[in-house]
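The sequence and structure come first.

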Amino acid sequence: MSGAEPQSVAIIGAGPRGLSVLERLVALAAERTTGPDIVVHLIDPYPPGAGIVWRTDQPESLLMNTTIAEQTIFPDASCEFLGPDAAPTGPSMAEWYRSQGGTEPVDATFPSRSLYGRYLRDAYALISDRAPDSVEIVEHPTRVESVIDLPPVEVPGHAEQTPDTPPAQVVRCEDGTTIVAAAVVLAVGHIPSAQNEERARLAAYAHRTGGLYLPQGLPAEAPVAEVRPGSRVIVRGMGLNYFDLQTLFTHERGGRYVPDAPGELRYLPSGAEPCLFLGSRRGIPYRSKPITREHPRSFEPLRFFTKENIALLANLDDLDEGHRAHARFNDQLWPLILADLRFAYYRTLSRLRPEVFDGDPGQLREAIVEAVSRHLTRRTWQETHPDAEAGSAQHPSEAARPGRVTHEALAWAEIEETLVPDPAHRKSLHQLLNPLDGLEFSSREPGVPGSLHDWMVDFLRTDLHSSLAGPEGSPEKALFTVLWQARLLLKELIVAGHIDPVSVDMEICGWFENFVSGICDGPPPQRIAELLALAEAGIVRFIGPNMRIDANEEPESIAEDTLPQVFRVTSAAVSGEITGSVVIDAASPTNSVTRAADVLINGMLERGQLAAARLTLDDGRQTMLNGLAVTPRPYRTIDAEGNPHPRRFALSLQLSSVQWGLAIAANPNSNATTLCDSHAAAEAILDLI
Ligand SMILES: Cc1cc2nc3c(=O)[nH]c(=O)nc-3n(C[C@H](O)[C@H](O)[C@H](O)COP(=O)(O)OP(=O)(O)OC[C@H]3O[C@@H](n4cnc5c(N)ncnc54)[C@H](O)[C@@H]3O)c2cc1C
């Protein structure tokens with residue numbers, strides 16, 4: 001273009017986030033009329049676009065937990081940097097799917113992960129085709145091991161090479177490739193995490209005693225072939241990783257699920273399955289996603305948790321005006337979300353089951369509206385919690401838990417109890433999240449009175465049918481749409497800096513995140529139908545809440561299992577113990593840079609090139625956050641001495657110090673934060689070169 005030396009940009013990690021930066025670089029470079037040519041180095045051991053999570057060669061039976069309609073790589077007219085009149089920049093996954101002849105309803109279909117991988121691969125091909133002559137894209141199927149700043153060199157006769165000139169960076173890869181880059185983007189996503197002491201002990205114990213321990217990680221990458229048919233496997237964690245394992249041990253081992261009662265399945269074993277014993281802290285899986293005709297965002301908007309009410313609480317005229325308000329979650333925002341949850345639940349219940357109300361359900365609505373208007377005029381923690389000692393050092397997060405009874409809650413409880421006399425129809429949020437709390441079981445065997453098995457089968461069946469009924473046909477699933485929308489608004493408020501950072505860390509990440517995940521981030525209902533079928537077929541048994549794994553000092557042998565039964569697992573809520581030869585840690589690894597176990601990020605942290613973000617708590621103590629220290633958007637990284645690097649940018653999960661709920665794709669038509677981040681990084685990079 002200009003005859004100047006081409007400049008290199010290194011994008012480390014070519015999953016969806018790396019691809020999105022490439023898309024923006026290509027689009028913005030195509031609009032440029034000046035500047036040097038650019039070589040974009042796309043570095044990832046896995047194919048660009050799909051990356052490791054969305055490999056197209058993974059089993060088709062591994063499903064996304066979002067629908068076809070919920071992903072895009074291409075910015076649309078909703079994106080603030082394009083504006084409402086912008087022409088489409090490329091297909092969303094739904095548009096792509098239809099263009100490929102797909103006919104399933106995009107809002108109600110949970111596609112395979114490999115299908116999303118194929119969309120991402122096609123998006124990459126489209127972006128590469130669009131690259132103007134000034135942009136060359138070079139793929140490097142390898143892993144980056146280090147990024148080092150070149151010391152500024154003063155070249156005689158080149159006045160611009162002063163010590164102030166930002167140094168170029170040398171990117172060194174595992175295969176020996178070295179790239180000198182004018183800008184580096186870290187888009188490394190899900191990186192391996194160091195095992196904690198207890199997990200390391202379990203691994204060493206299994207190794208010593210002839211058992212097997214599979215640590216946390218991506219299930220699609222786990223060595224599940226090492227688990228032999230008939231093995232007694234203790235699975236810790238009943239979230240999404242568990243459902244992947246369930247698929248790998250059944251679908252992928254030749255078992256078949258066939259239709260049974262309406263909405264339910266029956267399992268026909270192949271004989272190659274292990275026996276799975278499932279447990280976790282709560283002892284139940286995440287609730288399955290309801291089937292919705294359209295995205296939950298397009299259901300009835302929230303009534304109480306609105307920007308207007310939040311602005312009122314934070315004493316501002318308008319949050320969109322760019323003011324910085326620092327709202328507290330527990331104290332100020334949660335009561336509004338709670339009001340929306342109650343409203344949605346009882347509105348749906350009164351429509352579906354008017355007979356359970358002893359009086360006019362409208363009185364509940366009035367009580368909620370009244371409570372919200374009272375709340376909007378109370379602004380401090382002490383005011384909303386008269387029990388809390390004035391000036392007490394107690395942190396709000398220690399006092400406020402979901403379901404905590406306050407004076408306001410007591411007044412509500414009275415009205416609720418009067419109008420809905422049967423407790424089975426009232427909604428306790430604490431009970432919703434921890435339905436096994438306070439229960440005790442005398443057995444795990446099916447059909448035995450007081451059995452955990454029977455309780456779990458009932459629980460799963462109820463959840464499955466509620467999901468199939470959708471948010472309009474189930475009061476419980478109506479809560480899903482409220483929480484889904486509330487989370488979107490919270491994410492926006494956090495990115496805009498409107499929520500107190502201590503409250504984000506202690507309250508939103510401290511309890512609310514888990515609460516929302518338990519209700520909103522579960523698997524498609526099909527997976528619960530499968531779990532139910534496996535429980536009925538005797539392939540799955542349940543351990544109970546607060547499971548505890550110990551060494552079984554005197555392992556007996558069991559005919560079906562060729563390995564010794566070296567593990568013993570118990571739950572305080574259930575009588576008896578279970579032994580097994582294999583433990584699989586199926587909880588998702590914490591995405592924390594402080595626990596990074598990869599060469600690149602860990603090495604950069606150790607050398608002080610990167611630093612974990614720190615937060616100063618109310619009492620002046622400092623705590624380390626899971627994400628990197630970064631500047632405001634475009635998120636330049638900050639080193640251990642507090643200096644931003646002018647030419648190094650971070651995206652993806654490592655932005656968790658400034659954003660919340662990052663492990664999710666960009667949604668179309670939502671001014672997606674991810675796409676805005678990519679745009680800002682690409683703009684900043686092009687400004688530099
Ligand atoms: C098992 C699983 C299932 C998920 N399901 C869903 C879902 O259904 N819907 C949804 O919206 N979200 C889902 N997510 C969330 C997911 O985080 C995002 O959708 C998305 O993949 C994040 O993109 P990313 O590019 O930031 O990270 P990633 O997808 O993790 O991509 C990062 C890439 O960086 C590469 N990399 C890392 N280190 C290096 C290095 N040193 N050198 C070179 N390359 C490197 C990796 O190989 C990887 O390809 C899921 C996540 C996981 C782990």
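## Burial and overall build

Of the 689 residues of the protein, 46% count as buried; a residue is buried if 20 or more other C-beta atoms lie within 10 Å of its own, exposed if 12 or fewer, and partly exposed in between, with C-beta atoms placed from the backbone. The model is predicted: local features need pLDDT of at least 70 and side-chain atom pairs count only at pLDDT 80 or more, while totals for chains, interfaces and linings use all residues. Residue numbers start from 1 along each chain as its sequence is written.

The secondary structure comprises 18 helices and 21 strands, taken as DSSP runs (H or I, at least four residues, for helices; E, at least two, for strands) and numbered from the N terminus. The radius of gyration of the protein is 27 Å, close to the 26 Å of the globule rule for 689 residues, so the protein is as compact as a globular protein of that length. That radius is taken over C-alpha atoms, and the rule is 2.2 Å times the number of residues to the power 0.38. The C-alpha trace spans about 90 × 65 × 55 Å along its principal axes.

Among contacts between residues at least 6 apart in sequence, 74% join residues at least 24 apart; a contact requires C-beta atoms, placed from the backbone, within 7 Å.

## Strand E17 and its partners

Strand E17 (residues 582-585) is covered on both faces: Val582 and Ile584 are buried on one side, Val583 and Asp585 on the other. Strands pair if DSSP finds at least two bridges between them. Strand E8 (residues 212-214) pairs with E17 in the parallel sense over three bridges, and leucine 214 stands opposite isoleucine 584. Strand E9 (residues 232-236) also runs parallel to E17, joined by four bridges; here valine 235 has isoleucine 584 as its bridge partner.

## The E4-E5-E6 sheet

Three strands form an open antiparallel sheet in the order E4-E5-E6. Its edge strands, E4 (144-149) and E6 (178-181), each pair on one side only. Strand E5 (residues 169-173) is joined to E6 by four antiparallel bridges, with valine 170 and valine 180 as bridge partners.

## Ligand surroundings

The shell around the ligand holds 31 residues, of which Gly13, Gly15, Gly51, Gly189 and Ser652 come nearest; a residue is near if its C-beta atom, placed from the backbone, lies within 6 Å. Helix H1 (residues 16-31) gives the most to this shell, with three residues.

By class, the shell divides into 18 nonpolar, nine polar and four charged residues. Ala, Val, Leu, Ile, Met, Phe, Trp, Tyr, Cys and Pro count as nonpolar, Asp, Glu, Lys and Arg as charged, and the others, Gly among them, as polar.

Technical notes. Contact = placed C-beta atoms within 7 Å.
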